[in-house]
Amino acid sequence: MSDRGRGSVDTRRVAVDGVSYHVERREPSGPPPGAGRVPVVLLHGFTGSASTWEGLAAALAGAGRAAIAVDLIGHGLSDAPRAPSRYAIERVADDLVALLSQLGHPRARWLGYSMGGRVALVLAARHPRSVDALLLEGATAGLSDPGERSERARADDALAARIERGGVPAFVEEWEGLPLWDSQRSLPPEVRERLRQQRLQNDAGGLARALRGMSVGRQPSLWEELGPLSMPALLLAGSLDGKFTTIAREMARALPNATMEPIGGAGHAAHLERPGAFAEAVLRFLDGADAAD
């Protein structure tokens, strides 16, 4: 179906290693030029879904670029299998490379937010030939101290248990009250309600298992692996998100071909809080990556 001249949307299921992933693919109206034929894969954060990227996908299509948004395992309309091992971040990264291949692409430009950014970074470390460019928003290369990582894993496991005990509505109430989201209080009420309803559509078991498999406490530290990642990289963070702005700058220094760009007036979810500025930064980076090819 068409979307106001900003490309056509194709929704499908893609089965990978026994898991069915929900995929929303948006193609530009006309033939994309040159490197624009390499799609941009969009990976949402914890509690998110492919619908999170609707505005950015439309902007990409309007600029002649194909976008592929995926519901990560345990989220949205993708499967939420019961086996905990199925949610390991390394295995999810492998799934996404296989999914991309099934869609007919040997590589992509991967854009991940928060949890999706961690998955994208693990993917880049494991499958660098599948990564034409890497865009990370509010993401980290992990906790380098094993003790700190273990402590965070215990906290993540405790939160996962609360999700299973109390259900999604109670968890969303707790989640939305975190200081991390204070900057979203300025969003229009209808935007906040749409985001809340999207979060409420998730499955409690799927969210809990995804947290146990892909949280910061479970992510391996990748700081020592950033040096060999030579693909063009863009590190994005909201200027109001001091923690992740600092992390983004540190990662940009460690990656050999990276730039960092803060999004003014935004917190952790810059793509939602300042969607226009975020899309401009992404498109500017992609244009530069095209020119470098």
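Predicted model: local features only at pLDDT ≥ 70, side-chain atom pairs only at ≥ 80, totals over all residues.

Analyst: Residues are numbered from 1 along each chain as its sequence is written, and side-chain values use heavy atoms, with hydrogens and water left out.

User: Is S49 buried or exposed?

Analyst: Buried means under 20% relative accessible area, exposed over 50%, and partly exposed in between (1.4 Å probe, protein chains only). The relative accessible area of S49 is 8%, so S49 is buried.

User: Which side chain makes a polar contact with the side chain of S49?

Analyst: S49 sits in the loop between β3 (40-43) and α1 (54-62); helices (H or I, at least four residues) and strands (E, at least two) are DSSP runs, numbered from the N terminus. A polar contact is a pair of N or O atoms within 3.5 Å; within protein, one must be able to donate a hydrogen and the other to accept it, and residues adjacent in sequence count only if both atoms are side-chain atoms. At 2.7 Å, the partner of the S49 side chain is the side chain of S51.

User: In β7, which residue is the bridge partner of L136?

Analyst: Two strands pair if DSSP finds at least two bridges between them. Strand β6 (residues 131-137) pairs with β7 in the parallel sense over four bridges. For L136, the bridge partner in β7 is L235.

User: How many residues of strand β7 are buried?

Analyst: A233, L235 and A237 point one way from β7, while L234, L236 and G238 point the other way, and all are buried. For β7 (residues 233-238), the count of buried residues is six of six.
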